[in-house]
Amino acid sequence: MGTLETPTKIRELQRALYLRSKQEPRFRFYALYDKVWRADFLAHAYALTRANDGAPGPDGMTFEDIEGAGSAVLIETLQEELRTKRYRPGPVRRVYIPKANGGERPLGIPNIRDRVVQTAAKLVLEPIFEAEFDADSFGFRPKRSAHQALTELREAIEGGMCWVLDADVTAYFDTIPHDRLMKAVARRVVDGAMLALIKSFLMAPVIDEREDNRPRRNRNGTPQGGVISPLLANIYLDLLDRNFRRHVEAGKLTGRLIRYADDFVLVASREPVCEQRWATSLLTRLGLQLHPEKTRVVDVRREEVSFLGHTMRWRHGRVYFDISRKARARIGAELRHKTRQTWQSTPDLIAELNAYIRGVRSYYKLVLRRTLAKLDHLVHGRLARWWGRKHALPGPAWSLVRAGQLWRQHGLSLEKWHTPRASRSTSVRTAP
């Protein structure tokens, strides 16, 4: 949610909320709503929203439009609407993002003004729930990452938990029952105005161009793309995490449940038959279900398993990461798309590729180096073909690649895929 430094007063309040929640697990918080419409919270929420940029919502309002009139005008308007409880979220624009398997992922894009309010609400709510989230939950949380989840998973497997229940919740963000989600929030929050605000986010109408742009009410789910949706999703699946830990402590189940948002793996030292039955039953009670095609039990010593875009392979008592086939196909498709743009200038294309290469390199820093070397060759080949088409050559400009001009003269970020393997002592921090 941006990298801007949190103002001191907001940080102090968040710390106080966190400590109260940590020290008193049964305490229910009240008088939270008035923090959401505080000028400093809304101003910081706007700055975070601005830093994340993003497309306009259904009202078409852009950041440039807002700042043309002055962002202070928007903040003052929202403050007054929230203070007098006249604020109502606008509709959410639904768009579809292609997935590697040929399907599509629906995303909901709220108006910028609603993203600001959601961010302010998240600033207040997040520390309360962060204090009780499970240590093996890593998705969309402060100071946590996919790399930490993968490192913990590797250490658990190398420690003897070689059986893996590779699970995926079917259409999780679209199927969360609103009533049960609100009960999960109300377990710690008793402020009626805050609860009403959260419910208004959930109930915001959706505008889908595939349905003639007619607004329709949401009966289930929290839109992927909404600022507060990842927090709400974690609050609901925390019920899974805590229930599993209680069963392990009681000796009814074994292993570890490592979760990143709606993707989770359950690792155990024996085949997790009871654990799979338990997970299926509990998720059914939560109004959810495991994806029948994406959920399977694997002995990682004999078969590969993928998690968070990484494939795990067992070799001589150790786990090695590689880029999963789906992720590799997605990277290749993106590189092909970028290098078909022959109308771009060389500096513009190189700048675009460098940003993408740095992002991929950063995310896949745990994988085998030979895989990253193959990506070097793929980028070389795509650029040689791009240059050939751009300059109407009879074939790819292989001399450009062999001469090293791509990185010497044009500054392409090649050969830097070969980053040192990250330390296995990656720490998991537990407090904001």
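At 45% relative accessibility, Asp53 counts as partly exposed (buried means under 20% relative accessible area, exposed over 50%, partly exposed in between, with a 1.4 Å probe and protein chains only). The model is predicted: local features need pLDDT of at least 70, side-chain atom pairs count only at pLDDT 80 or more, and totals for chains, interfaces and linings use all residues. Residues are numbered from 1 along each chain as its sequence is written, and side-chain values use heavy atoms, leaving out hydrogens and water.

Asp53 sits in the loop between helix 3 (39–52) and helix 4 (63–69). Helices are DSSP runs of H or I, at least four residues, and strands are runs of E, at least two, numbered from the N terminus. Most residues other than glycine have a negative phi. Asp53 is not a glycine, yet its phi is positive, about 55°.

Ala171 also has a positive phi, about 40°, without being a glycine. Its place is the loop between strand 3 (163–168) and helix 8 (172–175). Ala171 is partly exposed, at 42% relative accessibility.

Now the helix pair. The axes of helix 14 (residues 346–363) and helix 15 (residues 369–390) come within 13 Å and cross at roughly 165°. Axes are lines fitted to C-alpha atoms, for helices over the stretch in contact, and angles run from 0 to 180 degrees between N-to-C directions.
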